[in-house]
Amino acid sequence: MTWFDPHLHFFALQQGDYDWLKPDNPPFWPDKPRIACNTTERHLMTQSQGKVEGFVHIEAGYNNRLPWREIEYLDRHCSLPFKAVACIDLTDPQACSTVDNLLRWRSVTGLRHILGDEATTLLTTPRVKHCLAHISHRQLSFDAQLDLTDSTAVTALLNVISALPQLKVMINHTGASFLAARSAKKKHLWLRHIQLLSECPGVAMKMSGWEMASRDWRWQEVARVCDALFERVPYHQLMFASNFPLCGWRLPYLALWQGYEKLVAQLPKKVQRGLLHENATQWYRLNGK
């Protein structure tokens with residue numbers, strides 16, 4: 001079976017800014033030097049041994065002020081089928097104009113402003129909500145990266161989704177911190193919020209980013225997270241992803257996807273192909289639909 005990877009990053013250090021990858025800037029990860037190097041489609045193809053058929057590139061900080069420059073770079077250097085989720089600053093007074101400008105590139109399918117710890121504040125700010133409405137009107141999706149154990153943040157997100165039912169929202173990395181949330185209370189919150197979000201037909205979830213919660217994560221832990229999702233979320237709202245090249249902190253790209261294949265080996269073939277390939281191409285409109 002081949003794969004379509006809906007969450008990865010390329011770095012062109014001599015051309016882009018990538019401030020977060022510089023040693024003097026946060027996040028101050030001791031292992032940041034392992035990923036702070038040029039990473040291209042060629043590296044992806046080599047590490048996947050040709051099994052990845054396409055991808056969604058998620059903004060990586062190439063130029064946050066002029067986000068189309070990252071799209072221009074991708075269009076010049078990528079040959080596999082791909083779509084791009086561009087950077088957007090939802091608080092910028094010119095954000096809607098930036099959205100319209102990005103529409104000039106056919107590869108742009110969505111936008112991301114990392115919500116993180118500011119999720120509640122951002123999602124209740126009128127200017128941010130106005131920009132999200134504009135994104136929805138332009139038929140672009142929004143990649144939401146936040147902690148799904150944060151009740152106020154999830155409530156704010158659900159309110160936005162209720163007000164903008166046409167907005168497609170992709171939850172990054174299963175809600176960020178589940179593997180780190182080992183307390184029973186946080187696990188209960190995560191499960192409850194996953195259930196609530198799964199009932200929104202415009203919400204999809206990417207199963208990825210395990211290394212962001214725990215550098216030494218184990219497959220048994222990932223299997224428990226995936227089983228919880230399979231019990232609560234319709235299969236067509238789920239997709240596996242890599243977070244390449246950051247996934248390499250734990251294991252090689254090929255081993256990650258082979259592990260995913262083992263996780264779903266007992267599911268019907270159609271479901272397997274959806275989780276590993278087709279759901280991502282549909283949610284991110286690879287065929288322009």
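Me: Ground rules before we start?

Reply: This is a predicted model, where local features need pLDDT of at least 70, side-chain atom pairs count only at pLDDT 80 or more, and totals for chains, interfaces and linings use all residues. Residues are numbered from 1 along each chain as its sequence is written, and side-chain values use heavy atoms, with hydrogens and water left out.

Me: At what angle do H6 and H7 pack?

Reply: Helix H6 (residues 151-163) and helix H7 (residues 184-198) pack at about 0 degrees, and their axes are 11 Å apart. That makes H6 roughly parallel to H7. Roughly parallel means under 35 degrees; over 145 is roughly antiparallel, 65 to 115 roughly perpendicular, and the rest oblique.

Me: How are axes and helices defined here?

Reply: Axes are lines fitted to C-alpha atoms, for helices over the stretch in contact, and angles run from 0 to 180 degrees between N-to-C directions. Helices (H or I, at least four residues) and strands (E, at least two) are DSSP runs, numbered from the N terminus.

Me: Which residues in H6 and H7 meet?

Reply: On the H6 side, Ser151, Val154, Leu157, Leu158 and Ile161. They meet Leu189, His193, Leu196 and Leu197 in H7. The contact residues divide into seven nonpolar, two polar and no charged. Nonpolar covers Ala, Val, Leu, Ile, Met, Phe, Trp, Tyr, Cys and Pro; charged covers Asp, Glu, Lys and Arg; the others, Gly among them, are polar. Contact means heavy atoms within 4.5 Å.

Me: Now the core. Which residues touch the most other members of the largest one?

Reply: Ile171 and Phe240, in a nonpolar core of 89 residues. Such a core is a set of buried Ala, Val, Leu, Ile, Met, Phe, Trp, Tyr and Cys residues joined through side-chain atoms within 4.5 Å. Buried is under 20% relative accessible area, exposed is over 50%, and partly exposed is in between (1.4 Å probe, protein chains only).

Me: What does Ile171 touch?

Reply: Beyond residues up to four places away in sequence, Ile171 touches Ala144, Leu146, Leu148, Leu157, Leu197, Val203, Ala204, Met205 and Lys206. Another core lies apart from the largest one, with ten residues, including Val85, Met239, Ala280 and Trp283.

Me: Which residues is Asn243 in contact with?

Reply: Past its neighbours within four places in sequence, Asn243 contacts His7, His9, His173, Gly209, Glu211 and Met212. Asn243 is in the loop between S8 and H10, and is buried at 2% relative accessibility.

Me: Arg250 next. What does its side chain do?

Reply: A polar atom of the Arg250 side chain lies 2.5 Å from the backbone oxygen of Trp217. Arg250 also sits in the S8 to H10 loop. Arg250 is partly exposed, with 30% relative accessible area.

Me: Why is Asp31 called buried?

Reply: Because its relative accessible area is 17%. Asp31 lies in the loop between strand S1 (3-8) and helix H1 (41-48). Its side chain joins that of Arg215 in a polar contact of 2.6 Å.

Me: What counts as a polar contact?

Reply: A pair of N or O atoms within 3.5 Å; within protein, one must be able to donate a hydrogen and the other to accept it, and residues adjacent in sequence count only if both atoms are side-chain atoms.

Me: Last one: which side chain does Asp100 make a polar contact with?

Reply: That of His134, at 2.8 Å. Asp100 is in helix H3 (residues 95-102).
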